[in-house]
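Have the viewer open and try each task before you read its solution.

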Amino acid sequence: MSENWMTEVDTRFPEPTNLHPEIPHPARVYDFLLGGKDHFPSDREAGEKILAMGEGGRTAVRANRAFLQRAVRTLAELGIDQFLDIGTGIPTAGNTHQVAQQADPEARVVYVDNDPIVLTHARALMSGPGHGVTRVLQADLREPEQILAAREVTETLDLTRPVALLLVAVLHFLKDSERPGEIVAALIDALPSGSYVVLSHVTDEVLTDEEVTGVGVAYSKVPTGMNLRTREQVGQFLTGVDLLDPGLVLCPFWRPDGEPAPEANRVSILAAVGRKP
Ligand SMILES: C[S@@+](CC[C@H](N)C(=O)[O-])C[C@H]1O[C@@H](n2cnc3c(N)ncnc32)[C@H](O)[C@@H]1O
């Protein structure tokens, strides 16, 4: 293993001992939908309710994951070599650091997630194809100041140089009362001009009323719920940044590698990449 790979996790947080398997967690439900192995019966129960509505849920999470990878690759090719990925998820194929370090072996990545299960995979998140540094921080998006001040961030990323901030499939786990718009603005404010924000968010735009109800039922036991937002509401998170082409679109249509599949226009996740001027 390269000496540049850091295997440190935030010692302020104890080893994850209580993962609360009886309560479904967003990271584990997502893992179930992606076809991973890190989930408990409570997570499967939620995920199965999504799948009971059809294959759309699985298509959507895969399309979201593919968007994340295309966006990271695009930014790495534009010369971005620092990534702050908040709402990391359980490692799966093509994690941010792997995609970024494939394009730039020196790329530096900090993963942030509030679910202790992500910490249990810290080692997998830190081994990659390049020589860049990758670190993992357990922290909550609802406390952006703590994230920005954490030594995992300040020691790994140079916040005077452009950073890509990833908020991919995470903001819908914040309720309006938690002021997600202010949180996004605070994070973007802390980054220098030329930084990017990569964002995706579940929308009700292409869902039937029945599907909206079904999603609500599936996530009813997940403490955060699933906070579907309209295109206008999602767009407001990107106030003040210049959207790269093609703008805010259903995620399969963000710079697709090939012709999107026919079911792409039923994927209920909006995505965009913006540049801070
Ligand atoms: C649906 S997964 C998305 C994973 C990855 N970003 C992707 O798009 O493939 C959402 C992740 O956000 C995390 N998350 C949810 N609420 C959070 C919060 N308030 N602070 C930090 N992470 C959060 C969950 O634990 C989960 O790992």
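**Exercise 1.** How far does a polar side-chain atom of Asp113 lie from an oxygen atom of the ligand?

*Solution.* First, a word on what you're looking at: this is a predicted model, where local features need pLDDT of at least 70, side-chain atom pairs count only at pLDDT 80 or more, and totals for chains, interfaces and linings use all residues. Residues are numbered from 1 along each chain as its sequence is written, and side-chain values use heavy atoms, with hydrogens and water left out.

Now pick the Asp113 side chain: one of its polar atoms is 2.6 Å from a ligand oxygen. Next, go to Arg65, where a polar side-chain atom lies 2.7 Å from an oxygen atom of the ligand. Then try the backbone: an N or O atom of Val168 sits 2.8 Å from a ligand nitrogen. Finally, check the cover: of the 600 Å² of accessible area (Shrake-Rupley method, 1.4 Å probe) that the ligand has on its own, the protein covers 98%.

**Exercise 2.** Describe the shell around the ligand.

*Solution.* Start with the count: 20 residues surround the ligand (a heavy atom within 4 Å), and the closest are Tyr30, Asn64, Arg65, Gly87 and Asp113. Sort them by class, and you get 10 nonpolar, five polar and five charged. Here Ala, Val, Leu, Ile, Met, Phe, Trp, Tyr, Cys and Pro count as nonpolar, Asp, Glu, Lys and Arg as charged, and the others, Gly among them, as polar. Then sort by element (helices are DSSP runs of H or I, at least four residues): helix 3 gives the largest share, three residues.

**Exercise 3.** Which pocket holds the ligand, and what lines that pocket?

*Solution.* The ligand sits in the largest pocket, with "sits" meaning that more than half of its atoms lie within 2 Å of the grid points. A pocket is an open set of points on a 1 Å grid over the protein atoms alone, with protein on both sides within 12 Å along at least five of seven lines; lining residues have an atom within 4 Å of a point. About 1000 Å³ of space lies in this pocket. Of its 50 lining residues, Tyr30, His172, Phe173, Tyr219 and Met226 are the closest to the centre. By class, the lining has 28 nonpolar, 13 polar and nine charged residues. Helix 3 supplies the largest share of the lining, eight residues.

Notes
Polar contact = N/O pair within 3.5 Å; in protein donor to acceptor, adjacent residues only side chain to side chain. 1 Å grid on protein atoms, 1.4 Å probe; cavity = no way out; pocket = protein on both sides within 12 Å on 5 of 7 lines; lining within 4 Å. Helix = DSSP H or I, 4+ residues; strand = E, 2+ residues; numbered from the N terminus. Points joined across faces, edges and corners; volume = space filled by probe spheres on them.
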